[in-house]
Amino acid sequence: MYRPPSHVTMSCVFITDIYMALTCIQHCQRCTSLLRSRSVGITTLQYSTDAQHWPAALWNSFIVRVLPSVLQRSPNPSQTRQRWNLGVRSYCESHAKVQPSQTKHGNTDELPETDMVSYQNPVSHQLIDGGMLLKEWQTAFDLDDAPGHSALEEISHEEAVHMNIPAALPPVSISLKDYVNESETLGKLIQLGVQLWKLEQRPNVGSMLLRLDFQTDVTPRLVFLKQLGVDDSRLGYLISHNPFILTESLENLQARVAYLRSKKFSAESVASMVSRAPYLLNFSVKRMDNRLGFYQQQLGLSAQKTRDVVARLPRLLCGSLETVKENLKICKLEMGFRENELQHIVTVIPKVLTANKRKLTQIFDYIHNTMNIPHDLIVKFPQVLNAKYLRIKERHLFLQYLDKAQYDPAKPNYICLDKLVSLPDEAFCTEVASATLKDFELFQKTM
Amino acid sequence: MARASVRVFHKLEGLFSIYKPPGVHWKLVRDTIETNLLKGINAAPPPAPRQRVQFLAEPTSDVAEGSNELALSAASVPALAHHPLVSGPEFQHIGVGVGHRLDVFSSGVLVLGVGQSNKALTDLYRSHVTRDYTLEGELGMATDNFSHTGRLIERTTYDHITRDKLERVLAMMQGSTQKALLTYSKVDMSTQGAYELAVKGELRPDGKSPPIMTGLRLLHFQPPHFTLEVQCLNETQRYLCRILHEVGLELRSTAVCKGVRRTRDGPFTIQHALTHQHWTSTDVIQAIGQYCSSRKASKAKHTQPGKDTGTASQRQEMAEEAAVTGDSHRLHSVLTSKAFGS
């Protein structure tokens, strides 16, 4: 029977242990306790029937090498485990020393890298960097013990069944698919409805999610959000858009909620703000205070009205203030709205503060100059500034074609701007234009 | 067994036309339609969740190494790697191709194709199908980009212009471009075959050619506004605006273009074009079905023996076009009067 030279066996065992250690580290941060906890009684064999995502060559090269050394006939499985413990412990100790010398794409930086780093790298790193590692392995092992069992020796089925084989996970991957079957955190996040396929495209978010422990990291924050009043169905949306809420410290989160409550936001409004603006609680108290102060000062609104505006559009507290300042300048200077008119518009349609400048000016230009609607009428119906330009244009031209475009309330056959903009097509055609939908479509094709 | 989403995708593979509104870039339109079609495809019911088998060794009371008892139980566990939240929606991108493009200023019929039908779209794009445009012009102004949105350069009077003069100028312009049609068709003019083709209106440029107007007509004239109807080949919308400017110059005045509207692109007319409320997958499937059935009906009518000029598909396109537009008669009259006089 072929007996590989001893140093190859050594390296096989070494690689096995490194591999085990790597998978342990990837699973959870407590590698030694994991191995120890796997000891007694029930052993589980994980054999997955669905296709592995590895290239076939990798599978062949590793499993052939790894399994025989794992399936060494040992009279006592605890002895094998002891050897593993020793090896892993020494690895962990040396790991702390090796760490600073490693380059950034080391073995702990796993998953969604855009390039799939080959499997050989982390291991070769170890072999190169830790010349001392190899020596430590050698001292940790009893040299008389190891070559006793050949890597290619046959063992019985029972031993094979009771042997501990951890999950064969790739150390680096471009997708979370490879880890989702084994990771508790990811499985629970899927149950919540988190869109992992979107999150894994963001840089480093996938690794971050895998490193989280469900019991210690995720659960306290979910409980906190529930206590805040966020609906269960919204938790998935929240985490899909802001996964970093799971790494924010609980003291900070509580401090920020306490600040909002101190500013007399009701509990329900805080809950609705958090569920509609997922990044809200990641911003510091100072920043939120700054923004609230800015809105109150610039708009000149009372505290209650500022609260209403912010509660309706919570992302005002999240985004940059420069765009809001520019929009306010446009409304005052270009469009010529007075202070009190602007206040009224913002309280009815807060979205005007974060709207696209070009679109806002285009709509205003059309409404004021082409449709000849005066300022006071626009202020009465600010929702026209929120509508789509094409919609306003088509409907206005249709009414003009039918000679019904009359927007002055003083004269007869007055058409309300609100109805012009907010009604759906059918209702608009029948009520406002007294025409059929087909006519409207034919007219659209003449534009 | 194909998945439901794949079946919906196959239904969507076809050519259809939409009405592009003015002021919107054609790429935005194409992206909007792609998003809407993806919504329709991914709304189909997903396949059943996959399961994987996990073997668990049952705890037996005598856990001796030498025991011959191998009690394993199989458990069927959901395979989360194929869960839609992990792998994403089934379709994340589909290939929507655009035929002859329309610039931001113009509006009208825009032909799109999905998936496999992009090949047919390329064939349609390369074949010399004519397109119908409606141009709205205003006399008395000249701008730098020939349209009313440009910077004003010149103002002129237009009182001397009558309908008669305008029509004469249009006829002259059409005649000058007809010559180009004959020269680029690469057919020997002194043959009987050439004459027969010309009579049927099947003379078309072969290969590259400059923009050629095959028909030009005045629809509406009320100074300073007037409307023209143009049938042309290989044109761009800017060329059409320039034509309008040249019309103004010929009349010793100036003109700008206020609107360019494509009413027909090959066999696709404005009648079946989808407006922006109907840019959804169900309406698109209906439009594709309509186009297919109309093609089948016209193919049944036009089964003729092959001729040597042009490919079979090209001739069929032209025959369909002729059936649609009815301009073969007009072309015949123009050609027999002008072309063979030289």
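These legends describe close-up views of a predicted model.

Residues are numbered from 1 along each chain as its sequence is written, and chains are lettered from A, with ligands numbered from 1, in the order in which they are written.

**View 1. Chain A has 25 helices and 0 strands.**
Helices (H or I, at least four residues) and strands (E, at least two) are DSSP runs, numbered from the N terminus. Chain A has 447 residues, and 46% of them are buried. Buried means under 20% relative accessible area, exposed means over 50%, and partly exposed lies in between (1.4 Å probe, protein chains only). Take contacts in chain A between residues at least 6 apart in sequence: 76% of them join residues at least 24 apart. A contact means heavy atoms within 4.5 Å.

Helix 15 spans residues 267-276. Its buried residues are A:Ser269, A:Val270, A:Ala271, A:Met273, A:Val274 and A:Ser275. An α-helix has 3.6 residues a turn, so residues three or four places apart point the same way.

**View 2. Helix 13 of chain A meets helix 15 of chain A at about 45 degrees.**
The axes of helix 13 and helix 15 of chain A are 9 Å apart. Axes are lines fitted to C-alpha atoms, for helices over the stretch in contact, and angles run from 0 to 180 degrees between N-to-C directions. Helix 13 and helix 15 of chain A are therefore oblique to each other. Angles under 35 degrees count as roughly parallel, over 145 as roughly antiparallel, 65 to 115 as roughly perpendicular, and the rest as oblique. Helix 13 of chain A brings A:Arg234, A:Tyr237 and A:Leu238 to the contact, and helix 15 of chain A brings A:Val274, A:Ser275 and A:Arg276. By class, this contact of helix 13 with helix 15 of chain A has 3 nonpolar, 1 polar and 2 charged residues. Ala, Val, Leu, Ile, Met, Phe, Trp, Tyr, Cys and Pro count as nonpolar, Asp, Glu, Lys and Arg as charged, and the others, Gly among them, as polar.

**View 3. A:Pro278 sits in the loop between helix 15 and helix 16 (285-299) of chain A.**
A:Pro278 is buried, with a relative accessible area of 10%. A:Pro278 and A:His241 are 37 residues apart in sequence, but 6.4 Å apart in space, C-alpha to C-alpha. Neighbours within four places in sequence aside, A:Pro278 is in contact with A:Tyr237, A:Leu238, A:His241 and A:Asn242.

**View 4. Helix 22 (residues 389-401) and helix 24 (residues 425-433) of chain A pack at about 25 degrees.**
Their axes are 12 Å apart. That makes helix 22 of chain A roughly parallel to helix 24 of chain A. A:Arg395, A:Phe398 and A:Leu399 of helix 22 of chain A make the contact with A:Asp425, A:Phe428, A:Val432 and A:Ala433 of helix 24 of chain A. The residues of this contact of helix 22 with helix 24 of chain A divide into 5 nonpolar, no polar and 2 charged.

**View 5. B:Arg262 lies in strand 11 (residues 255-265) of chain B.**
B:Arg262 is buried, with a relative accessible area of 1%. Its side chain reaches two backbone oxygens: that of B:His100 at 3.1 Å and that of B:Val109 at 2.9 Å. Leaving aside neighbours within four places in sequence, the contacts of B:Arg262 include B:Leu102, B:Asp132, B:Tyr133 and B:Ile270.

**View 6. A:Asp403 and B:Arg252 each have a positive phi of about 60 degrees.**
Most residues other than glycine have a negative phi, and most peptide bonds are trans. A:Asp403 is not a glycine. A:Asp403 lies in the loop between helix 22 and helix 23 (417-422) of chain A and is exposed, with a relative accessible area of 72%. B:Arg252 is found in the loop between helix 7 (237-250) and strand 11 of chain B. At 68% relative accessibility, B:Arg252 counts as exposed.

**View 7. The peptide bond from B:Pro223 to B:Pro224 is cis.**
Omega for this bond is near 5 degrees. B:Pro224 is in the loop between strand 9 (212-222) and strand 10 (225-233) of chain B.

How values were computed. Predicted model: local features only at pLDDT ≥ 70, side-chain atom pairs only at ≥ 80, totals over all residues. Heavy atoms only, no water. Polar contact = N/O pair within 3.5 Å; in protein donor to acceptor, adjacent residues only side chain to side chain.
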